[in-house]
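Hello,

Here is the structure I promised to pass on.

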Amino acid sequence: MSTAKGGGTAGEGNGGAASGKGKRSRAGSGGGSGARSGAPVAPVAGPALTAPLTAGRVAIYVLLLVAGVLVAGAGTLVQAAWFPGGLVLALCGVGGLFYGGARATGTSAGVLAPGAAWLVTVFLLLSNVRPEGDFLFGAGLGSYIFLLGGIVVAVICATATQLRPVGVRHGRVGG
């Protein structure tokens with residue numbers, strides 16, 4: 001038998017597929033024996049899986065918290081001022097903040113930080129009725145759409161950041 005470059009006999013470079021022993025060849029296995037170790041394959045660490053907490057990232061999260069409070073206050077005033085257009089403008093502002101936070105940080109925490117600030121500001125701080133009877137939200141349909149629509153937009157943006165990356169090659173099921 002002739003000897004191949006890898007040191008074994010000819011046809012054993014792909015797990016013995018050419019020698020007719022009934023073994024399947026694996027493309028890109030690097031000339032290994034083709035035996036499985038049985039251990040699960042860990043995902044490759046990327047920016048979305050392991051984002052180190054640096055000073056810059058903390059500053060981005062603090063800015064997102066402040067922006068969440070500001071967008072909540074502005075949206076509360078705008079949605080009631082110009083009913084159909086103001087409501088759409090307020091929800092677009094909320095969506096822009098959440099999507100921008102996700103794109104800026106690359107993680108779902110970029111949606112969580114301004115979303116939590118928006119939620120606390122709108123539901124706890126701005127929805128309270130004062131003893132004088134003053135409050136920012138009226139009892140109309142627009143207020144409820146703004147409150148529930150902001151939550152829906154936050155959930156959509158948070159789940160959209162968890163989608164699979166486009167360029168990743170995935171293995172076959174069953175191997």
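**The nonpolar core**

The largest nonpolar core has 19 residues, and V94, F98, W118, V122 and F146 are the ones that touch the most other members. Such a core is a set of buried Ala, Val, Leu, Ile, Met, Phe, Trp, Tyr and Cys residues joined through side-chain atoms within 4.5 Å. At least two of its residues come from each of α1 (55-81), α2 (83-105), α3 (109-125) and α4 (141-160), and α2 gives the most, with seven residues.

Before going further, please keep in mind that this is a predicted model: local features need pLDDT of at least 70 and side-chain atom pairs count only at pLDDT 80 or more, while totals for chains, interfaces and linings use all residues. Residues are numbered from 1 along each chain as its sequence is written, and side-chain values use heavy atoms, with hydrogens and water left out.

**W118 and F146**

Leaving aside residues up to four places away in sequence, W118 touches G68, V71, A72, V94, F98, F146, L147, G150 and I151 (contact means heavy atoms within 4.5 Å). W118 is buried, with a relative accessible area of 2%, and F146 is buried too, at 0% (buried means under 20%, exposed over 50%, partly exposed in between, with a 1.4 Å probe and protein chains only).

How many aromatic pairs are there? The count comes to one, taking rings of Phe, Tyr and Trp (its six-membered ring) with centres within 6.5 Å, where planes under 30 degrees apart are stacked, over 60 edge-to-face and the rest tilted. The ring centres of W118 and F146 are 5.6 Å apart and their planes are at 70°, so the pair is edge-to-face. Since W118 lies in helix α3 and F146 in helix α4, the pair ties together parts that are 28 residues apart in sequence.

**How α3 meets α4**

These two helices pack at an angle of about 170°, with their axes 10 Å apart (axes are lines fitted to C-alpha atoms over the stretch in contact, and angles run from 0 to 180 degrees between N-to-C directions). That makes α3 roughly antiparallel to α4, a label for angles over 145 degrees. Residues making the contact include V111, W118 and L119 of α3 and F146, L147 and G150 of α4.

**The chain as a whole**

The chain has four helices and zero strands (DSSP runs, with helices being H or I of at least four residues and strands E of at least two, numbered from the N terminus). Buried residues make up 25% of its 175 residues.

Best wishes

Technical notes. Angles under 35 degrees count as roughly parallel, over 145 as roughly antiparallel, 65 to 115 as roughly perpendicular and the rest as oblique.
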